[in-house]
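Where do aromatic rings meet in this chain, and which charged side chains sit over a ring? This report takes up both topics.

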Amino acid sequence: MVLDSASVGIVVRTRNRPLFLARALENIFCQNFSDFTVVVVNDGGAPADVEQVVSGVPDEYRERITVLHRPESRGMEAASNAGIRACSSTYIAIHDDDDLWHPDFLKRTVDCLEDTAAAGVMVRTNIRYEQMADGDIREIDSVPFWPDMKQISLGSMLRINQAVPISFLYRRSLHDELGYYDESLEVVGDWEFHLRVLSRHTLEFLDGETLAFWCQRPDASGDSANSVNNKADAHRRFDARVRDAYLREDISRHGMGSLLHLTKLLARQEELLDENRRRMEEMEHRLNESLLRLEDTVVRRTSLSSSVGRMRSAAGQIRSLIGRAGR
């Protein structure tokens with residue numbers, strides 16, 4: 001079933017986290033913008049938990065929610081694709097069950113895309129650190145995510161993913177043009193999609209007030225954990241897989257010649273950096289030795305100066321005694 005059209009289709013991915021899901025739905029329905037539909041994708045979790053949370057949503061909001069129960073988990077990107085295909089909105093947002101928006105997120109991002117030709121818009125984001133305690137979610141800290149960032153660029157995104165799903169609203173027409181999220185990727189699927197988008201389009205960036213909160217629980221495990229924390233090895237492996245896939249595509253078109261020269265130059269740069277590092281370490285060692293010698297010299301001179309001072313004082317006392325004796 002495809003939901004009736006709305007300006008924004010919000011996909012909420014969840015799995016065995018009813019506490020987070022309830023908070024996410026409350027956060028969504030507190031938006032100062034109401035032309036949206038919500039697709040909750042239960043990716044292999046207990047259906048009863050999800051249905052109980054949704055049944056607790058006020059009646060005037062519940063009719064805007066559709067729930068897709070998937071009997072087994074097929075991963076985050078497959079969940080996103082299922083949710084996107086289940087709605088026919090103009091814009092798409094991925095709101096994971098444990099993340100949060102500022103109440104003006106949708107209003108300001110939709111206004112931005114209505115006023116520009118950009119393919120999407122990303123916003124200033126904070127990392128919100130949380131702890132689970134006594135069946136509750138507690139914020140313990142909040143720090144800016146990429147605080148110096150002023151724009152979204154392909155060059156920066158090639159190095160590392162500088163955005164997370166909760167910070168992004170985009171035109172669903174991008175999927176018609178570029179395809180959907182890559183379901184073969186266990187993680188980093190959002191980054192790979194960002195690369196495809198930026199290879200053809202520009203994205204706006206709303207600086208200033210923080211409008212999105214990427215919630216992390218570094219000490220959590222199991223269903224309450226974040227993939228960035230408990231799947232660090234997977235992030236490294238799939239990051240390399242994405243880079244290799246694009247590299248193979250480039251080689252199939254242009255051959256290996258220029259890349260062989262480039263990798264040789266990079267290897268030489270690494271050698272020079274290692275050589276400079278060794279020289280700096282040697283200089284630091286020599287400097288430390290010089291400082292120790294200087295310190296030893298100062299100590300000896302201070303000791304000698306003290307001895308001379310004591311001798312001069314004793315001589316003065318002797319002269320004084322001689323003088324008194326002469327009288």
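The model is predicted.

**Ring pairs**

The structure contains eight aromatic pairs. Two of them are set out here.

| Pair | Geometry | Centre to centre | Angle between planes |
|---|---|---|---|
| Phe 29 and Tyr 61 | stacked | 4.6 Å | 20 degrees |
| Phe 145 and Trp 214 | edge-to-face | 5.2 Å | 65 degrees |

Take the stacked pair, Phe 29 and Tyr 61. Phe 29 sits in the loop between helix 1 (18-28) and strand 2 (36-43), and Tyr 61 belongs to helix 3 (residues 59-62), so this contact ties together parts 32 residues apart in sequence. Phe 29 is buried, at 11% relative accessible area. Tyr 61 is partly exposed, at 25%. The cut-off for buried is under 20%, so the two partners fall in separate classes.

Now the edge-to-face pair, Phe 145 and Trp 214. This pair links distant parts of the chain. Phe 145 is in strand 8 (residues 136-145) and Trp 214 is in strand 11 (residues 212-216), 69 residues apart. Phe 145 is buried, with a relative accessible area of 13%. Trp 214 also counts as buried, at 16% relative accessibility.

Ring pairs also build a cluster: Phe 168, Tyr 170, Tyr 181 and Phe 193 are linked this way.

**Charges over rings**

Two arginines come up here. Arg 64 lies over the face of Phe 36, 4.5 Å from the ring centre. Arg 85 places its charged end over the ring of Tyr 180, at 4.1 Å from the centre.

Conventions: Residues numbered from 1 in each chain as written. Predicted model: local features only at pLDDT ≥ 70, side-chain atom pairs only at ≥ 80, totals over all residues. Heavy atoms only, no water. Phe/Tyr/Trp six-rings, centres within 6.5 Å; stacked < 30°, edge-to-face > 60°. Helix = DSSP H or I, 4+ residues; strand = E, 2+ residues; numbered from the N terminus. Buried < 20%, exposed > 50% of the residue type's maximum accessible area, 1.4 Å probe, protein only. Lys NZ or Arg CZ within 6 Å of the ring centre and 35° of its normal.
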